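Subject: Structure handover

Hello,

Here is the structure we discussed, followed by notes on what was found in it. Please read the notes with the coordinates open.

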Amino acid sequence: MDNVEVFDTGVKGRGLRTTKDLCAGEVVLAEPSFAAVVFDSLSQQVCHSCFRRQANLHRCAQCKFAHYCDRTCQTACWDEHKQECGAIKKNGKAPNENVRLAARVLWRIQKDTGIVSDSQLTSVDQLEDHVADMPADNLKELKIDVHNFLDYCPNTRHGVEYISHIFGIINCNGFTLSDQRGQQAVGVGLFPNLCLVNHDCWPNCAVILNHGNCYSGTRLTMPPCSLRVELRALGKIAENEELTVGYVDFLNVSTDRQRALKHQYHFDCTCKSCSKNLKDDLMMAAKETEGNKPSDELVKEVQELSLECLAKVEAARTAGDFHEVVKLCRECLDKQEPVLADTHLYQLRILSAASEVLSYLKFFSEAAEYSRRMVEGYMKLYHPNNAQLGMATMRAGVTHWHAGLIEVGHGMICKAYAILMITHGPNHSITKDLESMRMQTEMEQRIFKQNECVYHSMREAALQNKPMGMMAEAVSVEDNVKALFHKQ
């Protein structure tokens, strides 16, 4: 925590600023969770200790609710699960994740107080709850959660007002936890130091969940399977500069971002991106061809059609009708293509859905084209070191690789690697996987450049699991050429 200090920002209240110059990719701070829980819907698929998605998890023999990778994870989590285990056994079932997290927070406060280490910069009690700012519907939900909490923990010594305060803190400060591949939200946790970092739509830091992997250059005293977040610098940050993160995805126009921030976090965003409506014009741009643009009426018509299509796509995807998703996306893209710019949000969302589902259906050539267009649009909108951009570029690179477009695929994987080295660091599981892909595609590209026909013949044989025979002998640059395709 030598890198940061708490300071009064004025209008925004408390914040964190750096006490020294920082470089891109540098770890500003690392913090273990004060308390964290797995989502109800994934309680049997995600380890309740390290939050990794795993097959064949071991179930807690006592409560039969918590699941773990192995005995190491179960032992590491026992201190946090002990009281939860007894409460679930007594009640006969587990309550929702909000109630479980509130209970874990209160048990931790009761055991260790609101500050559990010298490196914690604020107590949990001092975090904002914004209960007084909640609309009627949210207050109704809060009262239900408090009622369920009292059923779950009937012997608590805390009053309704204090329990409501904890639920308010979770609502405003809870951090969504992803699985080890960064593909799916799997839980929610509370990280007090991270809660002090204020929002900016164009932030100078990224928050990454690190599933127990140590980062280089720093010695950690946390347990090997400790769940923690890392705050990483996205570029150079000067001494005494405020540290910021993005509470919402930048890929929304400023008014939509402001509305979401007001609803969830109860503040009016006045950052530079919002106050000057930066990139809003690109996100809603019409296509310009030789100086000519479509009429405002046509643009409005296509935008309304796109919104209707996005709703239908989401419904079809939820229902598992992936061929319907593809049909809807193709039809919508045909109408969008002559009217909307390549940076228009609605077109990017359709391209994202189409490329994702087509990849799943193994129509890699078509998926590659859509993913390329999507990434090109993202690059004009996102911060160059944005983690979302890095992940999207990685997926697009893999799609091109599977489509046999090795040169473009390798280039995208290299670009993604450069971004994720900054946002995730060299020891994150995602970056390690990407490094393996980068090395493999580099070898395949060498073969491709030596002899395209041989490369494609070998690739086809490998995908069909046929013997390489004489084809392998034709490429002398790699002795282990069969192995180049084993991950495909």
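Arg104 is buried, at a relative accessible area of 5%, where buried means under 20%, exposed over 50% and partly exposed in between, with a 1.4 Å probe and protein chains only. Before the rest: this is a predicted model, in which local features need pLDDT of at least 70 and side-chain atom pairs count only at pLDDT 80 or more, while totals for chains, interfaces and linings use all residues. Residues are numbered from 1 along each chain as its sequence is written, and side-chain values use heavy atoms, with hydrogens and water left out.

Salt bridges

Arg104 forms a salt bridge with Glu80, with 3.4 Å between the closest N and O atoms; the term requires a side-chain nitrogen of Lys or Arg within 4 Å of a carboxyl oxygen of Asp or Glu. This pair links distant parts of the chain, since Glu80 lies in helix α1 (residues 71-91) and Arg104 in helix α2 (residues 97-112), 24 residues apart. Helices (H or I, at least four residues) and strands (E, at least two) are DSSP runs, numbered from the N terminus. Glu80 is partly exposed, with a relative accessible area of 29%.

Glu230 and Arg232 also meet through their side chains in a salt bridge, at 3.0 Å from N to O. Glu230 is buried at 0% relative accessibility, and Arg232 is buried at 3%.

A further salt bridge joins Lys262 to Asp268, with the closest N and O atoms 3.6 Å apart. Here Lys262 is partly exposed at 40%, and Asp268 is exposed at 55%.

Asp79, Lys82 and Lys111 are linked in a network of salt bridges. Over the whole structure, the search finds 23 salt bridges.

Sheet

The strands β4, β8 and β7, in that order, form an open sheet of 3 strands with antiparallel pairing. Two strands count as paired if DSSP finds at least two bridges between them. The edge strands are β4 (35-38) and β7, each of which pairs on one side only. On average, neighbouring strands of this sheet are turned by 30° against each other, direction ignored; axes are lines fitted to C-alpha atoms, for helices over the stretch in contact, and angles run from 0 to 180 degrees between N-to-C directions.

β4 and β8 run antiparallel and are joined by 4 bridges; Val37 has Val188 in β8 as its bridge partner. Ser178 has Ala185 in β8 as its bridge partner. The hairpin of β7 and β8 has 6 residues between the strands, and Gly182 in this hairpin takes a positive phi near 70°.

Helix pair

Helix α10 (residues 322-336) and helix α11 (residues 345-360) have axes that come within 9 Å and cross at roughly 145°. Their crossing is left-handed, meaning that the near helix is turned anticlockwise from the far one by less than a right angle (clockwise would be right-handed). Contact is taken as heavy atoms within 4.5 Å. Residues of α10 in the contact include Phe322, Val325, Cys329 and Leu333, and those of α11 include Tyr346, Ile350, Leu351 and Val357. The contact residues divide into 14 nonpolar, 2 polar and 1 charged; Ala, Val, Leu, Ile, Met, Phe, Trp, Tyr, Cys and Pro count as nonpolar, Asp, Glu, Lys and Arg as charged, and the others, Gly among them, as polar.

Regards
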